Amino acid sequence: MAASPTSSAAIDGIETRSIDWIPLNERHGKAWHQGPFWFNGGFVLPSMLIGFVGPGLGLGLGWSLLAVITGMAFGTLFMALHANQGPRLGLPQMIQSRTQFGARGAMFPMLVAVCIYVGYNVFQFVLVGEAISVVLPGGKIWYVVCAVVATVIAIVGHDLLHTVQRYSSFVILAVFAVFTVVAIIHLPTEYEAHGGFSFSAFLFQFAAAGGYQISYAIYVSDYSRYLPQGISDRSLIGWTFVGGTAGAAWLACLGTLLSSYIPDANPIGGIHSTGNALFAGFGVICVLATLPPLIGTSAVNAYGAMLTGATIIDGIRHVQPSKKLRVVGLLIVGATGLLLSVAMPANYLDAFTAFIHIMGYCLVPWTAVNLMDFYVVRRGHYSIDDILDPTGRYGQWAWRGLTAYFAGFVAMIPFMSLTFFEGPVTKALGGADLSFVVGLVVSGLVYLVLCRRHPSGNSPGHLSVNSVPSTAERSAN
C-alpha cells in the first residue's frame, strides 16, 4: 500500500498513537523539521547551566568555550545517530531497547529515561517560575501554569509538539542574535574575566556538556517515527546533529560568557542585566523569550516520559495502546514533575550538575549497545511484531545486551567524577573525567563480541523479518 501523508492526530484533534507502530499511510514530515525541533530543544535554560560548570571550577573563558562546544558536538553525534531509527522502525525510542535487553531487561534503562524526563521538567518548571517572576509576581504558581500548558501540548501530541518547537526557534533566533552581540560587547567593558587552565576542569566541563547531549538520545525516535520510511539517512542525521548542537552549544556558551564575567551569576539574572545594557526593557524581552522553548521542551519531556512509562508497564502486563493511555500517563507525569519542582531547593545548580552526570553515566552504556545493535549487528532489520510483543522472539531478558551494559558501567566507575565520589583513575589524573569515552567503547565492543561469538536465532544471519511487519500494517490499515 502506498504511503500518503495524513495527520498523526485523529479523533478530536488529539494524537491516538502511543507505543504502537506508525502505519506508512500516517507518515509525514521532512528531514529539515528535525533541525529547528532540536535547536529549540537545546536552547533551554538548563543548557545555560551547563556553561556555568567550567568557570565555576576556575576554568578560563576560552578553555570553557572550547570544552562546551566540543563536548556538545561529541554528545550530539551519538544522539543524532538515533534519529535514523524512527522512520526505519516507526516506533518510540525506548521500546526499541527490548531487542538488546529483552522486554524486562530493558526496564532499567527505561526507568533511567523516565527519571531524566521528569528531572529535566523539575528544573525547567523552576526556571520558568524565575523567568516570569522578573515581570510578574506569583512565585511557584507559575510552576503550575507551566505544568498545565506543557501537559496540554503533550496531550494533543506529536504534530503540535513539532509546531511549537519549530516556531519558537524563530523567536529565539531573532532575540538572542541581538543579545549575543550585546553580551560580547558589554561584558568585557563592565567586568574582568576570571579563571585559567586546568586539565581536570576542562574534562569535567567537556563531560558535563557531552553527557547532557547524550541524555537526549532517549528522545530522538519519538519525534522522527512519523517521518516517511524512505527518508534520507544522511539528511535526517545531519539536521538532527546541526540543530541539536547549535541550540544547546549557543546557550551554553552564553552561560560560559556570563559566568566568566559576572560574579555569582545565575541564568535569569545574567540575561536580564546584560540585555538591559542595550536599552531598558530589552533584558525583560530576552528573559521572556526563553519561555516558549522551556514550555515546549517541558511538553516534549512529558511526552517521552509517558511513552517510556507505558512501555515499562507493557513489559510487566500488556496494555492496549490508546488515547486514554496517553492522557492518563501524561497527567501522572505532569503532576509528578510539579510536586518535585515545588520541593526543589533554591540553590539547585549543584543538584543539577550531579543529576546530569549520574544520568549520563547510566545512559552511555545504553546508547552504545543500542547503536551497535542497530548499525552493526542487525543493520536495521527487526521484527516489529516481536518488539511490540513482550513474549516475542526478543525474550524477557537478553543476556548479551545486559552483560555489555553492566560491563561498560563497571568500566566507567574508576573514571567517574562526582561531588560525593571520585574514581581512582580520576584522582590520579587530577580529577579528569574520561568515563564517557570508556563506557561507549567498552559497552559497544563487548556487545559486538558477544553477538558474534554467541549468535542466536534473532541475529542478522538468521533473521528473515524486515522492519515493516505485514501483520502490523494490515491491522493498522
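Colleague: With which residue does Glu 15 form a salt bridge whose closest N and O atoms are 3.4 Å apart?

Modeller: The model is a predicted one. A salt bridge requires a side-chain nitrogen of Lys or Arg within 4 Å of a carboxyl oxygen of Asp or Glu. At 3.4 Å between the closest N and O atoms, the partner of Glu 15 is Arg 225.

Colleague: How many residues apart are Glu 15 and Arg 225?

Modeller: Glu 15 belongs to the segment before helix H1 (34-42). Arg 225 sits in the loop between helix H10 (199-214) and helix H11 (233-261). The pair thus links distant parts of the chain, and the separation is 210 residues.

Colleague: Which helix holds Arg 326, the residue whose side chain meets that of Glu 15 in a salt bridge?

Modeller: The N to O distance between Arg 326 and Glu 15 is 3.7 Å. Glu 15 lies in the segment before H1, so this pair ties together parts that are 311 residues apart in sequence. Arg 326 itself lies in residues 323-342, which form helix H15.

Colleague: Is Arg 326 buried or exposed?

Modeller: Buried means under 20% relative accessible area. The relative accessibility of Arg 326 is 0%, so the residue counts as buried.

Colleague: How many salt bridges does the structure hold?

Modeller: Among them is the pair of Arg 378 and Asp 373, at 2.9 Å from N to O. Both of these residues are buried. The total for the structure is eight.

Conventions. Residues numbered from 1 in each chain as written. Predicted model: local features only at pLDDT ≥ 70, side-chain atom pairs only at ≥ 80, totals over all residues. Heavy atoms only, no water. Helix = DSSP H or I, 4+ residues; strand = E, 2+ residues; numbered from the N terminus. Buried < 20%, exposed > 50% of the residue type's maximum accessible area, 1.4 Å probe, protein only.
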